[in-house]
Amino acid sequence: MTNQEKLNTIFSAVLGINIDNVTEDLRADSVPNWDSIAHMTLVAELEEQFNISLDFDQISEINSYNKVKEVLIFLGVNF
């Protein structure tokens, strides 16, 4: 599984949306299920699946698919 597929799977599972709906346009304010609990679940899954550690600022700023991907790339995850 590529890192892109892994990321899409995480978003789909955590937010309870069809994987086909996981796109670069996905934003926290456009997904009703993306509440504070889902956000922290997303953080935990990202840290576990990509073997990374997010700091408070990064956790606060990941409010979209693109921002998550940007932070992951910054932390050395290849896409």
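**View 1. The largest nonpolar core and the residues with the most partners in it.** Here is the largest nonpolar core in this predicted model, a nonpolar core being a set of buried Ala, Val, Leu, Ile, Met, Phe, Trp, Tyr and Cys residues joined through side-chain atoms within 4.5 Å. It has 24 residues, and the ones touching the most other members are Leu7, Phe11, Leu15, Leu46, Phe50 and Leu72. Two or more core residues come from each of helix 1 (3-15), helix 2 (36-50) and helix 4. Helices are DSSP runs (H or I, at least four residues), numbered from the N terminus. Buried stands for under 20% relative accessible area, exposed for over 50%, and partly exposed for anything in between (1.4 Å probe, protein chains only).

Residues are numbered from 1 along each chain as its sequence is written. Local features need pLDDT of at least 70 and side-chain atom pairs count only at pLDDT 80 or more, while totals for chains, interfaces and linings use all residues; side-chain values use heavy atoms, with hydrogens and water left out.

**View 2. Leucine 46 and its contacts.** Zoom in on leucine 46 and, leaving aside neighbours within four places in sequence, you find it in contact with Leu7, Ile10, Asn51, Ile52, Ile62, Val68 and Leu72. Contact here is heavy atoms within 4.5 Å.

**View 3. The buried face of helix 4.** Helix 4 covers residues 65-74, and its buried residues are Tyr65, Val68, Lys69, Val71 and Leu72. Look down the helix 4 axis and these buried residues fall within an arc of 160 degrees, so they line one face of the helix; the arc is taken from the directions from the helix axis to the C-beta atoms. What do they pack against? Helix 1, helix 2 and helix 3 (56-61). After helix 4 comes glycine 76, with a positive phi near 100 degrees.

View 4. Lysine 67 pairs with glutamate 70 at 2.8 Å, N to O, and with glutamate 61, where the closest N and O atoms are 3.8 Å apart. Glutamate 70 and lysine 67 both sit in helix 4, 3 residues apart, about one turn of the helix. An α-helix has 3.6 residues a turn, so residues three or four places apart point the same way. Shared partners join Glu61, Lys67 and Glu70 into one network.

**View 5. The arginine 27 and aspartate 29 pair.** Another of the salt bridges links arginine 27 to aspartate 29, with 3.5 Å between the closest N and O atoms. Arginine 27 is partly exposed at 36% relative accessible area, whereas aspartate 29 is exposed at 66%.

View 6. Asparagine 51 isn't a glycine, yet its phi is positive, about 50 degrees. Not counting residues up to four places away in sequence, isoleucine 52 touches Leu46, Glu47, Leu72, Leu75 and Val77. Leucine 75 is 23 residues from isoleucine 52 in sequence, with 7.3 Å between their C-alpha atoms.

Technical notes: A salt bridge is a side-chain nitrogen of Lys or Arg within 4 Å of a carboxyl oxygen of Asp or Glu.
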